[in-house]
Amino acid sequence: MSSDDVFQQDTLLEGGQSCPINGLRFAPEWAGTSIYLLSLPVADYSEELFAEELTAIATAADVRRATFSSGRHCARALLLDAGLPVTALPRQDDGSVQWPDGVMGSLSHTNDWAVAAVAATSMCEAQMLGIDLERIQALDEGVIKLIATPAEREALSASSSPLWLSTALFSLKESIYKCLARDFGQFFGFQDVQLSALQSGRPEVQFLHPELRARYFGRHLELRMAITPWHVFTLAWLRVA
Ligand SMILES: CC(C)(COP(=O)(O)OP(=O)(O)OC[C@H]1O[C@@H](n2cnc3c(N)ncnc32)[C@H](O)[C@@H]1OP(=O)(O)O)[C@@H](O)C(=O)NCCC(=O)NCCS
């Protein structure tokens, strides 16, 4: 990955809004495998939702109806793009999406932007994947202590560390969680995974949780970051054994 892959210029959409994934759509060179991506401004698409999806937001506030339906709107646009069945995407008990057979995917949203990733299992070297989108912001000491291991805190406190670094650390951990948690079958926290080399653009992962380490021993977890002036977008995918 070159520095051009990490630091992208935002693409201005109509109305001056800036796309946080800079038009990455089908970007196998960036992702490392055939994953489709789409980000759109959050809007209320709840009229498009299937009955089995609506139960998840039956009592939700407007902003949640909008983020929930926008994620599914993006995902269905990608399913269509990829020639995959465009179906209901119900919420499972753990909060993740139930993707149709033969499809893997992940969703994320800020209050302004939704993003989806979708891939056909037969066309992809990934067994599972997770994505996360965060607005870049300075995280206070208390939050850093919660999300970063002592070694990560040391890297963050270096004078050369850019503002996006702590957001990227947080976002990569969220992507890793979304990628692995369902398969792993239990919760794991921010101190269970340690990341390094973020500033090189090629982040590396180390599992500190012994059961995580044992389960994914010898397996390759691919990590990607896309940094725009306002957002960090991250992707984690586990290579098929
Ligand atoms: C589940 C979690 C990762 C979601 O992240 P978030 O920043 O709150 O929200 P995002 O907007 O990025 O993503 C929300 C989407 O994630 C998906 N999601 C929710 N729970 C999920 C899970 N357990 N597994 C995979 N995807 C999940 C859903 O599609 C959800 O959108 P939807 O409800 O509209 O369908 C987060 O709430 C959490 O529990 N984090 C603690 C665990 C963790 O991160 N550990 C770090 C380990 S290193």
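## About the model

This is a predicted model, in which local features need pLDDT of at least 70 and side-chain atom pairs count only at pLDDT 80 or more, while totals for chains, interfaces and linings use all residues. Residues are numbered from 1 along each chain as its sequence is written.

Let's start with the overall layout. The protein chain is assigned domain 1 (3–131) and domain 2 (137–221), with bounds that come from an automatic or database domain assignment. Their C-alpha centres are 23 Å apart. Ten residues of domain 1 and eight residues of domain 2 take part in the contact; two residues are in contact if their C-beta atoms, placed from the backbone, lie within 7 Å.

On the side of domain 1 that touches domain 2, helix 1 (3–6) and strand 6 (126–135) each supply at least two residues. Helices (H or I, at least four residues) and strands (E, at least two) are DSSP runs, numbered from the N terminus. Strand 6 gives the most to this side, with four residues. By class, this side of domain 1 has four nonpolar, four polar and two charged residues. Here Ala, Val, Leu, Ile, Met, Phe, Trp, Tyr, Cys and Pro count as nonpolar, Asp, Glu, Lys and Arg as charged, and the others, Gly among them, as polar.

## The ligand shell

Now to the ligand, which has 24 residues around it, the closest being G95, S96, S108, K173 and Y177.

Helix 4, strand 4 (103–109) and helix 7 (164–184) each supply at least two residues of the shell. Helix 7 provides the largest share, seven residues. Sorted by class, the shell holds nine nonpolar, seven polar and eight charged residues.

Helix 7 has 21 residues and reaches 29 Å from its first C-alpha to its last, close to the 30 Å expected at 1.5 Å a residue. The expected span is 1.5 Å times one less than the number of residues in the helix. At K178, helix 7 bends by about 30°, where the bend is the angle between axes fitted to the seven residues ending there and the seven starting there. Helix 7 is mostly covered, with 17 of its 21 residues buried; a residue is buried if 20 or more other C-beta atoms lie within 10 Å of its own, exposed if 12 or fewer, and partly exposed in between, with C-beta atoms placed from the backbone. After helix 7 comes G185, whose phi is positive, near 85°.

Helix 4 (residues 62–81) has 20 residues and spans 28 Å from its first C-alpha to its last, close to the 28 Å expected at 1.5 Å a residue. Just after helix 4, G83 has a positive phi of about 70°.

A82 sits in the loop between helix 4 and strand 4. A82 counts as partly exposed because it has 19 C-beta neighbours inside 10 Å. Setting aside neighbours within four places in sequence, A82 is in contact with Y36, V118 and A120. A82 and L107 are 25 residues apart in sequence and 16 Å apart in space, C-alpha to C-alpha.

T87 also has its place in the loop between helix 4 and strand 4. With 15 other C-beta atoms within 10 Å, T87 is partly exposed. T87 and W99 are twelve residues apart in sequence and 8.5 Å apart in space, C-alpha to C-alpha.

How values were computed. Near = placed C-beta within 6 Å.
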